[in-house]
Amino acid sequence: MASAVLKVAVAGISRCSRVTLLRAHLTTAPLQQGIPGSLWKLGKLNHIAIAVPDMEKATALYRDVLGATVSEKVPLPEHGVYTVFVELGNTKLELLHPLGEKSPISGFLQKNKSGGMHHICIEVDDINAAVADLKSKNIRTLSAEPRIGAHGKPVMFLHPKDCDGVLVELEEA
C-alpha cells in the first residue's frame with residue numbers, strides 16, 4: 001500500500017524528481033527486516049587525503065593563506081609517505097608526499113603532476129569484522145591484513161575498482 005501511495009504522490013512531478021524521491025524512500029525504508037544486523041558499523045569521515053608535489057608549499061597554503069592549524073610533517077616509512085594533517089573542525093585533510101622510491105604517492109604524482117585527491121578515510125568500529133565482511137562481498141583490499149596507519153590505529157585500503165573509482169581507507173575508530 002505504501003508504494004501505491006508513493007506512486008500517487010509523485011505522479012505530478014518530473015521524472016528526475018520522482019527518481020530522487022523514490023531513492024530516498026527506498027534508502028530510508030528498512031531493508032533488512034528479520035536479518036541480523038552487521039557485526040561492524042560505518043562511522044564518520046576521518047579525513048580526505050591529497051597527494052601534493054611540494055609539501056612545504058601545500059602546508060603553507062593551508063596554514064598561512066587559509067589560516068588552518070596544521071601538524072608537523074611526519075615520515076611514515078612503512079607506508080612510503082610523509083604526512084601533514086590539516087585540522088578542519090569536523091574532519092581533516094591529510095597532505096601526502098612521497099617518501100622513498102617505492103612510495104605509492106610517487107606513481108600517483110607521475111600521473112597527476114599537480115597532485116590531487118588520493119583517498120577518503122572512513123572510520124569503522126571493528127576493522128577486522130569490516131574487512132572480513134567486505135571480502136565476503138567480493139570487495140578487494142590492497143593488503144592481506146590491516147596495518148597501522150598515520151593515527152596509530154589499524155587501517156585497510158579497499159580497491160578503487162570495487163568502490164566506484166575511489167580509493168577508500170577504513171580506519172578503526
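**A friendly note on the predicted model**

1. Let's begin at one residue: K137 is exposed, at a relative accessible area of 52%. In this predicted model, K137 forms a salt bridge with D133, and the closest N and O atoms of the two are 3.1 Å apart. The cut-off for exposed is over 50% relative accessible area, so at 52% K137 falls in that class.

2. Now for the whole chain. The protein chain has five helices and nine strands, and along the sequence they follow the pattern α-α-β-α-β-β-β-β-α-β-α-β-β-β. The protein chain has 173 residues, of which 35% count as buried. Among contacts with a separation of 6 or more, 51% are between residues 24 or more positions apart.

3. Which residues of helix 3 are buried? They are M55, A58, T59 and Y62. Seen down the axis of helix 3, these buried residues fall within an arc of 100°, so they line one face of the helix. As a general point, an α-helix has 3.6 residues a turn, so residues three or four places apart point the same way. On the other side of helix 3, E56, K57, D64 and V65 are exposed. The cover over the buried residues of helix 3 includes strand 1, strand 2 (69–70), strand 4 and strand 5 (92–98).

4. Both ends of helix 3 deserve a look. At its start, a side-chain oxygen of D54 comes to within 3.2 Å of the backbone nitrogen of E56. Just after helix 3, G67 takes a positive phi of about 80°.

5. L61 counts as partly exposed, at 37% relative accessibility.

6. Strand 4 (residues 81–87) holds T83. Is T83 buried or exposed? T83 is buried, with a relative accessible area of 3%. Leaving aside neighbours within four places in sequence, T83 is in contact with M55, E72, K73, V74, L76, E94, L95 and L96. One of these contacts, M55, is also one of the buried residues of helix 3, and strand 4 is among the elements that cover those residues.

7. N46 has its place in strand 1 (residues 42–51). The relative accessible area of N46 is 5%, and N46 is buried. Which side chain makes a polar contact with the side chain of N46? The partner is the side chain of E123, at 2.9 Å. Apart from neighbours within four places in sequence, N46 is in contact with T91, K92, C121, I122, E123, H151 and E171.

8. How many salt bridges does the model have? The count comes to four, and the pair K137 and D133 is one of them. Another pairs R140 with D162, the closest N and O atoms being 2.9 Å apart. This pair links distant parts of the chain, 22 residues apart: R140 is in the loop between helix 5 (127–136) and strand 7 (147–148), and D162 is in the loop between strand 8 (154–158) and strand 9 (168–172). R140 counts as partly exposed, at 42% relative accessibility, and D162 is also partly exposed, at 24%.

9. R63 and D64 form a salt bridge too, with 2.8 Å between the closest N and O atoms. R63 is partly exposed, at 39% relative accessibility, whereas D64 is exposed, with a relative accessible area of 53%.

10. The last point concerns backbone angles in two loops. N138 has a positive phi of about 65° although it is not a glycine. N138 lies in the loop between helix 5 and strand 7 and is exposed, at 64% relative accessible area. D164, again not a glycine, has a positive phi of about 55°. The place of D164 is in the loop between strand 8 and strand 9, and D164 counts as exposed, at 79% relative accessibility.

How values were computed:
Residues are numbered from 1 along each chain as its sequence is written. This is a predicted model: local features need pLDDT of at least 70, side-chain atom pairs count only at pLDDT 80 or more; totals for chains, interfaces and linings use all residues. Side-chain values use heavy atoms; hydrogens and water are left out. Helices (H or I, at least four residues) and strands (E, at least two) are DSSP runs, numbered from the N terminus. Buried means under 20% relative accessible area, exposed over 50%, partly exposed in between (1.4 Å probe, protein chains only). Contact means heavy atoms within 4.5 Å. A polar contact is a pair of N or O atoms within 3.5 Å; within protein, one must be able to donate a hydrogen and the other to accept it, and residues adjacent in sequence count only if both atoms are side-chain atoms. The arc is that of the directions from the helix axis to the C-beta atoms. A salt bridge is a side-chain nitrogen of Lys or Arg within 4 Å of a carboxyl oxygen of Asp or Glu.
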